[in-house]
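Here are my notes for you on this one. Keep the picture open while you read, and work through the points in order.

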Amino acid sequence: MKELFVADLVRHENQTVTSFFAASSKQLRTKKGGEHYLALILADRTGQLECRMWDNALESSATFEQGDIVKVRGQVCRYQERIQVNVEQIRGALEGEYELGDFLPKTSRDIDAMWAELAGYVESFTDPDLKALLRAFLSDPEIAAALHQAPAARSMHHAWIGGLLEHVLSLLGLCDITAKHYPHVHRDLLLSGAMLHDIGKLYELRWATGFEYTHEGTLLGHITIGIGMIDRKIAALPAFPAALRLLLLHVILSHHGRYEFGSPKLPMIPEAMLFSYLDDLDAKMQSMRNEFEKSSALGRPQGEFTDWVRALERPLLDTSGFLAAAADKAGKQ
């Protein structure tokens, strides 16, 4: 983990610092005399700032691209009342020199512990075919590495490093509980839907220094990508039952629940119906939690409504904050 973040630089004015940042913007410009200089926006998870490199700009520019993580040495200064860095040296960071979580929001949970929990759910399956399929996904090095990092969304719920794994585990807990409440539901099929419904997001999104859609994600979407991934794994399991494949693909294809939400099919089996509601529930509850944390960070008093939340089309009220504010008010009377 790096020691110096953008938010810390105000305390280092007129000092020379060295740290790693994401090069969010990079422009090679020309001075009046014809020499080049670099105009940069450097960022990390705490914010961003404008920077300039006046000397050796052309040579240094060739060592990294916009979007790369870079190692920077420079002097912290103030220009038009804003903190900047006059960059003296800059180069592209090497693999292993930085942690992605320093530049993007990251789950507060231990990712290795979450991975072990996920594997535990797979081992709890009684259906041998679904267990073999999920083992095939977890043992795939490329998929495993991506699942250790992937966000669940670009900007809505669980939009942070490790967010997809966190969302999947939350859903697995919900699915496990509700499968016991509805004994006619195929428990392993329901949990397989939880594990695989967003698997296509591993290729729909990229998360180098920000959360963006890939070309594949923009043109195909994560449901289509995920169906292809599942079918390729099933093809490598020749004994996988055709009927079970059909039901699993239906859970994935219908998990958005409604056509207007981008679902190719409406849920038509118990597992698909139940899962679509649980997925929507988990996303909405996490979105509410995000809004309460944002409201608190802005200094809004306890017991007050949040601003209008466009995704949920309403303002929100934090129950615990409202009750705490009411109790505090009653105690002062």
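1. Helices (H or I, at least four residues) and strands (E, at least two) are DSSP runs, numbered from the N terminus. With that in hand, look at strand 4 (residues 69-79) and strand 5, which run antiparallel and are joined by 10 bridges.

2. Some housekeeping. This is a predicted model, so local features need pLDDT of at least 70 and side-chain atom pairs count only at pLDDT 80 or more, while totals for chains, interfaces and linings use all residues. Residues are numbered from 1 along each chain as its sequence is written, and side-chain values use heavy atoms, with hydrogens and water left out.

3. Now the overall picture. The protein has 12 helices and 7 strands, and its C-alpha trace spans about 75 × 65 × 35 Å along the principal axes. Of its 333 residues, 47% are buried (buried means under 20% relative accessible area, exposed over 50%, partly exposed in between, with a 1.4 Å probe and protein chains only).

4. Who touches whom? Take the contacts (heavy atoms within 4.5 Å) with a separation of 6 or more: residues 24 or more positions apart account for 57% of them.

5. As a reminder, strands of a sheet pair through backbone hydrogen bonds, either parallel or antiparallel.

6. Start with strand 2 (residues 36-44) and strand 3 (residues 47-53): they run antiparallel, with 7 bridges joining them. The two form a hairpin with 2 residues between them. Across this pair, leucine 38 stands opposite methionine 53, and leucine 40 has cysteine 51 as its bridge partner.

7. Which residue of strand 5 is the bridge partner of cysteine 51? Valine 85 is the partner. Here strand 3 and strand 5 (residues 82-92) pair in the parallel sense, over 2 bridges.

8. Valine 85 turns up again as the bridge partner of valine 76. Strand 4 and strand 5 also make a hairpin with 2 residues between them, and glutamine 80 in the turn has a positive phi of about 50 degrees.

9. Two loop residues deserve a look as well. Asparagine 56 sits in the loop between strand 3 and helix 1 (57-61), and its phi is near 55 degrees, a positive value in a residue other than glycine. Is asparagine 56 buried or exposed? It is exposed, with a relative accessible area of 52%.

10. The other one is glutamate 313, in the loop between helix 11 (270-297) and helix 12 (319-332). Its phi is near 60 degrees, again a positive value in a residue other than glycine. Glutamate 313 counts as exposed, at 60% relative accessibility.

Key: Two strands pair if DSSP finds at least two bridges between them.
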